[in-house]
Structures are given as C-alpha cells and as structure tokens.
Amino acid sequence: MRIVIASSEAVPFSKTGGLADVAAALPKALDQSGHDVSLIIPHYPQFDSGRPNRPTTETTSFCLRVAVGNKIVNARVLRAKLSRCRVTVYLVDQSSYFDRQGVYGEDNLDYQDNCERFVFFSRAVLEIIQHFNLKPDVVHSNDWQTGLVPVLVAVEMRRRPGLDQTASVFTIHNMAFQGRFWHWDMHLTGLDWKYFNWRQMESFGYLNLLKSGIAFADMVTTVSPTYAREIQTPEYGCGLHGVLSSRTCDLRGILNGVDTEIWNPSTDPYIAKPYTIDTVELGKAACKAALQKQLGLPVRPDVPLFGSVSRMTGQKGYSLIAQSANVLLDQDAQFIFLGSGESHYEDLLTDLAASHPQQVSTTIGYNEKLSHQVEAGCDVFLMPSEFEPCGLNQMYSLIYGTVPLVRSVGGLADSVVNADDQSIARGVANGFSFPEFRSDVFLEQFCRARSMYADKPTWRKLQQNGMLRDWSWKKSAAEYIQVYEKAISKRQLAAECSRGKSPVELTNRDTNSDCHSTSFADGSLPWKTRLSPRNA
Ligand code: ADP
Ligand code: GLC
C-alpha cells in the first residue's frame, strides 16, 4: 500500500509533544510491515542543530507555488530519510511561516497567522504528492493543522488524473486544539463558501479545521479506544461530540505504540546504567542515585521518587498537584518536575523546589536527555490528567519499570491496570489509577503507591507486568492498515456511486461495511444526507 502521512511535527526534525513521536514512529512501523510510506512535515530551522541522529536533508529542485487567499506563496522542498527505515520525509521550507522561535506560538500565545500557515502547509502536501508522483492509496493527516487535507483530497485532488480514488484518513490527537478561526479566514482556503456549513467546515460561526478533517475524511481515528468513546460525549467532545457521533461507524480508537528503538532501558544512551527486566532492580537503583545527585536531591535509595515530564497545563492535572502540594510534601517522598507551559504552574513548582530543596527538583524547559533519565530513575511516574487522548509517558514508564500513577481516562485507562486486590491477585496490575478528577481521590492513590513501594515483592511484580507487555507499534500499525483498507474500499464504493450506480446497490455488496455514510468524489454528500438549500 502507498501511504502519505502529513503532520505538523515529527521527531527528530521537530517536536512540541506526543504528535511528533507518533508521526515518526508510525511511518517507521508501517514501513517495517512492507508498505511504501512518505511523510510530509514543515521545516522549522530552529530544530536544525542540537538533535542527535538528525538525518541529513537535501534540497530538491522543486519550487512550490501555492495560492493562499489572494497571495501566491513560494517554498522550497527538502528531502531526507527517516533513520533505520525507507521512509522518505519531505520538509516544506517556507521561512516566513516556519522560521520562527515557536512552532504554533510564543509566550503561550498562538501566532495570529496560524490559519494561513497551515492552510498553506495543507495545500503544499497536495502539491508534493502530485510533483513527486507519490500516487498514494491513502493520505493520512493528523490534528487541526492538517485538517484541511481531507477536504482538499475530496474537493480537489480526486479531480487530478490518477488520483481520483485516493482515500483519506484523519487522526485526532487532541480535541482541545481545534484550529478555530474567524469565518472570514475561509477565503484563505480557496474553497467554495458552500463548504462553510454546520455539517462540514463551520462550527459555532467559526471556521474549524479539526471539524473539517473529521467531516471529510473517509475514516477517522483517535489515539485510544477509550478516548474514541469519550469524545462522543459532551464532557470530552469539546463541542464536536455531535459531529463525532454522526461518524461513529467510521471512527476507530487505536492506542499509540512506543518507538522501542528510542525508549528502551537496555539501550538508552542517556541513562546511568542500562537494564532489562532481569536487572531492573540494580539498574534502576543506579539510575535513581545518579538522578538524585544530578538534581541536587539527597541520594536516598529508600525514599520513593515521583517524577513527571509534561506540558505544564490544565490537561495534565497540575491543578490536582497544586491543590495537594502541602499533603504531598508532608510525606517522606521526593518529586521531580520537568516541563513548561502555563506560567502559574511553572511558578508554583519552581517555588516548591525553592522552599523544599531536599524534596523537590523542578526544571522548566524542554530537555530530552533529562526526560529519559526521569523515566529510568524515578519509582513512580505522575500523570493525573484531566483528559488524555493517549499519553505516551505512562507507556515509556511501564517499559522502564517505573510505576505510573494516572487518572483513568483516555489512553491512560487503556494502558494502566490499577493495583487493586483483584488485579494484583490475577497478576495483571501495573500501576495506580483513580477515576474522579479530585485531589482527595488522587491523594488516596498517592498514599497507596507510597506504602506499596515498601512491599518489594508486590512492587517488583507491578514493574514486571509493565515491562513484559509489548508496547511497540506492531499491533497498532496493523490496526491502522485495517483502517486504511476500509477507507480505500469506501472510496472505491463512492467512485462507483459517482459513476451512476445507486448507493444502495453498492453498499449491499460491501459486506465489510457496518455503516453506509459516504460522500461522492468531490466531497458532496449523498442524496439522503444532502444539505438543505439553506445550509448548502
Ligand atoms: P502531549 O502530546 O499531550 O504533550 P504525550 O504524553 O503524548 O503528551 O507526549 C509528550 C511527549 O513530549 C513525550 O515524548 C514527552 O517525553 C515529551 N515531553 C514533554 N515535555 C517535555 C520536556 N519538558 N522535556 C522533554 N520531553 C518532554
Ligand atoms: C496529543 C495528546 C496525547 C497523545 C499525543 C499523541 O498531544 O494530548 O495524549 O499521546 O497527542 O497522540
């Protein structure tokens, strides 16, 4: 299968969060299972230096010319190979859009021209596909930044010779970020205003690029089965639960995997002592001592060390940590916080480190090496998220024998098995989780983790359960292939529909189909669901 993946970030070229990890690891896993994969991302020069193993890029002779609103924007296209696989990466090099200090914004403020930047990038994806003759069976785009891609595939790409049956898949990594822009930005897309309606690109009066991707893609995925269910409810759907429920038959939740070439305690170059499941006790003890020493905490093997590596935002549950700080610090425990984000959380955690230097170390900023050292050196990983589409750090923790303490939402619920009496008896417990987003419930689990830490045999078992499970991308990549196949068969069906056969006649033939929602090649809706003239 020929697959093109579009993302606004991918390691080792750029990263602000888990999307970058996924956008590199999934193509690699698909390549390893024999598919032909290309990845298209923007080029952000700020990341060019300082990342180890960054593949070299070459400049291609292709000069992109893309219409964005009334402008024609030119760009260069760079090319590289993802390391240890055959995936070709195309980097869109447009300095006025992407050569900036931040990726999406600076000082916690989004760039004002984000709509223009990512409309440009989405259109560039189509031009690269055409110019380099990639002929994809499926174009897979991710999050609002590439939400326009499924629209462009439906409305424009399928009109191009040889590309009429291209299928599209759209993955939601986080409903909280929707790419909502004032309605007038619709003119930047170059699309007919007829698509600006409540079924397709409009939401509460705004242009909504996440909704656009959801509405137009042949198949929609999100990054865990639990999150796929949650986002169809008002509580987690961030205003889009209706559109998601309307696509329930085409929505799949696939848990992210882990790139085990990067996150592997037996080969990790950043940690003090590599270890395996057989040497976890000695290995982690050495890593813990080195981490305590490095961060100026008392080197004490007996004290439980809690760590967190994260964006410091409401999503990640820092309000629970803030509300519980006094009780947490009353315990004989140490804490390491690494991250950056909202200034009130940064300030609070920095102040805690200043007032409790024997117990707390806070590092504000992005530090890849330290993030590996925290995963290896801590005993417990804290992730009490308010919501969590998937979450990667709890899986890194499980691989490193670091027991996660999480709120049971989204991907955290799908990966962490709470150590209650039953799961311990069944030998499946691998961490601690709590249901309600309340500080008293969080503290209860915190205290359970602290006391269970003293029960070494049970603790070893929790570590082993986490380390034994296969967290690699193998299974998830196979699930993506099934989704791609489904998208392709829907597309073939729709193409036949457009050639004059009735949808009913065709869906009767489609034995795999569990629902019949489909659109014609140009993105218009079938007669049954066609919009009323008021909204068309
Ligand atoms: P999200 O994408 O919501 O931020 P994830 O858990 O999916 O959360 O992924 C976050 C990724 O970013 C992980 O790879 C994590 O290690 C990394 N990360 C987050 N903050 C930092 C930081 N301050 N330094 C290094 N890595 C970080
Ligand atoms: C988002 C989510 C996170 C997920 C990541 C990768 O940033 O917040 O939960 O792991 O995307 O899919």
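Me: Is Y195 buried or exposed?

Reply: Buried means under 20% relative accessible area, exposed over 50%, and partly exposed in between, with a 1.4 Å probe and protein chains only. Y195 has a relative accessible area of 5%, so Y195 is buried. F216 counts as buried too, at 4% relative accessibility. This is a predicted model, in which local features need pLDDT of at least 70, side-chain atom pairs count only at pLDDT 80 or more, and totals for chains, interfaces and linings use all residues. Residues are numbered from 1 along each chain as its sequence is written, and side-chain values use heavy atoms, with hydrogens and water left out.

Me: How many aromatic pairs does the structure hold?

Reply: Rings of Phe, Tyr and Trp (its six-membered ring) pair if their centres lie within 6.5 Å; planes under 30 degrees apart are stacked, over 60 edge-to-face, and the rest tilted. The structure holds 26 such pairs. One of them joins Y195 and F216, edge-to-face, at 5.9 Å centre to centre and 70 degrees between the planes. This pair links distant parts of the chain, 21 residues apart: Y195 lies in the loop between α5 (186–189) and β11, and F216 in helix α6 (residues 209–216). Helices (H or I, at least four residues) and strands (E, at least two) are DSSP runs, numbered from the N terminus. F434 and F442 form a tilted pair, 5.8 Å centre to centre with 50 degrees between the planes. Both F434 and F442 are buried.

Me: Over which ring does the charged end of K456 sit?

Reply: A charge sits over a ring if NZ of Lys or CZ of Arg is within 6 Å of the ring centre and within 35 degrees of the ring normal. The charged end of K456 is over the ring of Y453, 3.5 Å from its centre. R180 has its charged end over the ring of Y206, 4.3 Å from the centre.

Me: How many disulfides does a search of the whole structure find?

Reply: A disulfide is a pair of cysteine sulfur atoms within 2.5 Å. The search finds zero.

Conventions
Chains lettered and ligands numbered in written order.
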